[in-house]
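Trainee: I am new to this structure and would like to learn how to read it. Could you take me through it feature by feature?

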Amino acid sequence: MELISTTLSTIKRHRIQFSISWVICLVALFILTSLGMLKLVLNQLDSSTQIQLFTTKEIQQLQQYYSERLTASAIGLFILLLIFFGIRIHRQRKSAVSMRQLIYSTGLEFFLGLMVASIGLILLYTLFEPAFESILQSFYHQGLNQLKELPNFILSNGSSGIAYSVRSSLSFELSSTTMLDLFFSSLFKSIIFICACLCLLIGCSRLIYFGSTKKNVR
């Protein structure tokens, strides 16, 4: 209870810093969730029984493209959290609370910011689904631009003459229910990743503090 009360009082005193932390989490969740959704969308298109828009090699190239950007975004996020986490602890080192409590309080503050950001992203997706899908569509087209010699249309078979555009809207290829399922699946994975990063930062901070304290005692 003492940790919770300390964290809440810190949030009340430093509202701007808390707002920055949850906005960072919101942007990170948006990027990780969007890239994760595109990887899941490709799996859905690859397993479609109607028509194969892409070859196996093209699917692999697209998956690699989004995986590289997802990895780069994850590394960048971890570095950003590390910097911001370190700055927060450094600025509050002179407070009355112990360093151990300060580390846990800062970590809990980030977890609360992550929860606020998660709720915010869900609300944004629910209220502005068309805008979210248009941004997702833009990321999708950027991936398609990496494929050379990709035809604009795919014929369903040689005799029907029905053509499917490889650049058609994702909402046309996948239903709203499917897109919603992919969104929550990707969002859950993104939350788990950020939680793991925060736990790692808290653990490393505790080890560094314990090591420095032990060294000073000697």
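Predicted model: local features only at pLDDT ≥ 70, side-chain atom pairs only at ≥ 80, totals over all residues.

Trainee: What is the overall make-up of the protein chain?

Mentor: Count the elements. The protein chain has 7 helices and 2 strands. Now read their order from the N terminus: α-α-α-α-α-β-β-α-α.

Trainee: What percentage of the residues in the protein chain is buried?

Mentor: The protein chain has 218 residues, and buried ones make up 39% of them.

Trainee: How do I read a salt bridge?

Mentor: Begin with the general idea. Side chains of opposite charge can pair when their charged atoms come close. In this structure, a search of the whole model finds 2 salt bridges.

Trainee: Which residue forms a salt bridge with E68?

Mentor: The partner is R69. The closest N and O atoms of this pair are 3.8 Å apart. R69 is partly exposed, at 35% relative accessibility.

Trainee: Which residue does E109 meet in a salt bridge?

Mentor: E109 pairs with R88, at 2.7 Å from N to O. E109 sits in helix 4 and R88 in helix 3, so the pair ties together parts that are 21 residues apart in sequence.

Trainee: How do I find a pocket?

Mentor: Rolling a probe the size of a water molecule over the atoms shows where empty space is left. Here, the largest pocket holds about 310 Å³ of space. It is lined by 14 residues, and the closest to its centre are I89, I103, S205, I208 and Y209.

Trainee: Which elements give two or more residues to the lining of the largest pocket?

Mentor: Look for helix 3 (56-91), helix 4 (99-127) and helix 7 (176-217). Helix 7 gives the most, with 6 residues.

Trainee: How many residues of that lining are nonpolar, polar and charged?

Mentor: The lining of the largest pocket has 10 nonpolar residues, 3 polar and 1 charged.

Trainee: Which residues make a nonpolar surface patch?

Mentor: Find I119, L123, L124, L127 and F128. Together they make a nonpolar patch of about 520 Å². Then place F128: it lies in the loop between helix 4 and helix 5 (129-144). With a relative accessible area of 47%, F128 is partly exposed.

Trainee: How far apart are L112 and L8 in space?

Mentor: From C-alpha to C-alpha, L112 and L8 are 9.8 Å apart, while in sequence they are 104 residues apart. L112 is in helix 4. Its relative accessible area is 32%, so L112 is partly exposed.

Trainee: What separates T178 and Q44?

Mentor: Read both counts once more. Along the chain, T178 and Q44 are 134 residues apart, and their C-alpha atoms are separated by 9.3 Å. T178 lies in helix 7. T178 is partly exposed, with a relative accessible area of 23%.

Definitions and conventions. Residues numbered from 1 in each chain as written. Heavy atoms only, no water. 1 Å grid on protein atoms, 1.4 Å probe; cavity = no way out; pocket = protein on both sides within 12 Å on 5 of 7 lines; lining within 4 Å. Points joined across faces, edges and corners; volume = space filled by probe spheres on them. Helix = DSSP H or I, 4+ residues; strand = E, 2+ residues; numbered from the N terminus. Nonpolar A, V, L, I, M, F, W, Y, C, P; charged D, E, K, R; others polar. Patch = residues over 30% accessible without salt bridge, like charges linked within 9 Å, V, L, I, M, F, W, Y side chains within 5 Å. Areas by Shrake-Rupley, 256 points an atom, 1.4 Å probe, with all protein chains shown as cover. Salt bridge = Lys/Arg side-chain N within 4 Å of Asp/Glu carboxyl O. Buried < 20%, exposed > 50% of the residue type's maximum accessible area, 1.4 Å probe, protein only.
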